[in-house]
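Me: I've got a model open and want to talk through a few of its local features. Can you take my questions one at a time?

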Amino acid sequence: MMPHWGATTNTENASEADLWLLNSCTVKNPAEDHFRNSIKKAQEENKKIVLAGCVPQAQPRQDYLKGLSVIGVQQIDRVVEVVEETIKGHSVRLLGQKKDNGKRLGGARLDLPKIRKNPLIEIISINTGCLNACTYCKTKHARGNLASYPIDELVDRAKQSFQEGVCEIWLTSEDTGAYGRDIGTDLPTLLWKLVDVIPEGAMLRLGMTNPPYILEHLEEMAKILNHPRVYAFLHIPVQSASDTVLMEMKREYCVADFKRVADFLKEKVPGITIATDIICGFPGETDQDFQETVKLVEEYKFPSLFINQFYPRPGTPAAKMDQVPAQVKKQRTKDLSQVFHSYNPYDHKIGERQQVLVTEESFDSKFYVAHNQFYEQVLVPKNPIFMGKMVEVDIYESGKHFMKGRPVSDAKVCTPSISKPLAKGEVSGLTEEFRNRLGNHLSSVSHSSAATQRDSASSRMVLQLQRLHQDCALKMSVGLALFALLFAFFVKIYN
């Protein structure tokens, strides 16, 4: 029987909303603190609340979650019924794992409708969970063990994206390098299949991969990263350059393994961008351990470096270890940040001519943001003709995190998309008939980008629920659109 859903609209003003849908991240203490404060504020304003993300999935019995509706990380395709029941005054909790014949699945189907934050960029989760048991990680409690999506489903999603005007695909997961180990395949096999369907001028960006699972695929990965439709970019978290610390973290590799991966790729993929993460002040880290990490940063001069002060997460083994004093952790974080800011990775590129793909607007709205073959950020003039296009530019200025490019006057502007991009807020994956029926009801959809930022704590999607007496088909389509909002909202990007 078809559910009778009411229509929804969203509002930028949280106080106007009837229901707040709060997403969460459990990586750091400040993230969970912000999530808790958002719940408190919603309760003070007498809002209906639906909670989502890793925090309630990992610790559903927390006192501050009592009586509130929760949708689990693998149940996002049921958001409509959770919201509907919550509006009725019921408390709903859907935290189960999706399984097929007893085998754990990656999560919600990839072909379900969603709304892209950026109509030019498709973010595809290739697997969920991981194979590690890092002593500091709370995410494993929520996401569980590795579960990969089948290759054909991922390729179909990519094809659909390009048919909807996407010109850039990001592959994401807790660990892309581990992809396929649970279903009898591997990451290079998936990537070659995806490369086959990428239009000329469109690009593919790989997500984070831990060192152990990329070591055995180095030759193939180098070939893939040299492909003209794949960014020569890889995010490989090292976390520490001390083998002692890595052992306490249970990272399952040593510093030599990381260096082997980095050195091989730097040799075989000239100019490659290698991004990494470092945790400062992990329990037991000595001054000598920290100095080893400093030396690694000085040696490799990573152009993209995510520095995190260690926070003990409740329920993790690391929380029970002897902690480094807070002031020491803070000082080490500051010292490493100073090392990172002591070099300029792009100064030598001034004067180069580069091909860049333009996909978004800068935060200050003064430039368009593009990326070159190495996924280095290049700011270009705000000429509407450039958006979604491959443009040739001359680099004339550089900063710590960007370059500025001047379009070549006689250069050809390449259009990589095989179709016109969807309008901002338009639902992906719906038939043309459904899109026409949605019409004016979904003309101003928008949603938060905080879930794609690494240190994002939680994001607020506010839904103003208004009952409309429409026929069942229209109600179904609007319900799908509501699901689409959450599907896009849930994606995590580890850059």
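This is a predicted model: local features need pLDDT of at least 70, side-chain atom pairs count only at pLDDT 80 or more; totals for chains, interfaces and linings use all residues.

Me: Are H10 and H11 roughly parallel or roughly antiparallel to each other?

Reply: Helices here are DSSP runs of H or I with at least four residues, strands are E runs of at least two, and both are numbered from the N terminus. H10 (residues 287-300) and H11 (residues 326-340) pack with their axes 10 Å apart, at an angle of about 20 degrees. Axes are lines fitted to C-alpha atoms, for helices over the stretch in contact, and angles run from 0 to 180 degrees between N-to-C directions. Angles under 35 degrees count as roughly parallel, over 145 as roughly antiparallel, 65 to 115 as roughly perpendicular and the rest as oblique, so H10 and H11 are roughly parallel.

Me: Which residues of H11 make the contact with H10?

Reply: Contact means heavy atoms within 4.5 Å. On the H10 side, Asp287, Phe290, Thr293, Val294, Val297 and Glu298 take part. Their partners on H11 are Arg332, Asp335, Leu336 and Val339.

Me: How many charged residues does that contact of H10 with H11 have?

Reply: Asp, Glu, Lys and Arg count as charged, Ala, Val, Leu, Ile, Met, Phe, Trp, Tyr, Cys and Pro as nonpolar, and the others, Gly among them, as polar. By class, the contact has 5 nonpolar residues and 1 polar one, and the charged count is 4.

Me: Is the aromatic pair of Tyr231 and Tyr375 stacked or edge-to-face?

Reply: Rings of Phe, Tyr and Trp (its six-membered ring) pair if their centres lie within 6.5 Å; planes under 30 degrees apart count as stacked, over 60 as edge-to-face and the rest as tilted. The count by this rule is 8 aromatic pairs. For Tyr231 and Tyr375, the centres are 4.9 Å apart and the planes make 70 degrees, which is edge-to-face.

Me: How many residues apart in sequence are the parts that this pair ties together?

Reply: Tyr231 sits in the loop between helix H7 (218-225) and strand E14 (233-235). Tyr375 is in the loop between strand E18 (368-371) and strand E19 (377-380), so the parts tied together are separated in sequence by 144 residues.

Me: Is Tyr375 buried or exposed?

Reply: Buried means under 20% relative accessible area, exposed over 50%, partly exposed in between (1.4 Å probe, protein chains only). Tyr375 has 14% relative accessibility, so the label is buried.

Me: Near what value is phi of Gln239?

Reply: Gln239 lies in the loop between E14 and helix H8 (243-249). At 7% relative accessibility, Gln239 counts as buried. Its phi is positive in a residue other than glycine, near 70 degrees.

Me: What separates the C-alpha atoms of Ile76 and Gly53?

Reply: Ile76 is in the loop between strand E4 (69-71) and helix H3 (79-87), and counts as buried at 7% relative accessibility. Gly53 is 23 residues from Ile76 along the chain, and their C-alpha separation is 9.4 Å.

Methods: Residues are numbered from 1 along each chain as its sequence is written. Side-chain values use heavy atoms; hydrogens and water are left out.
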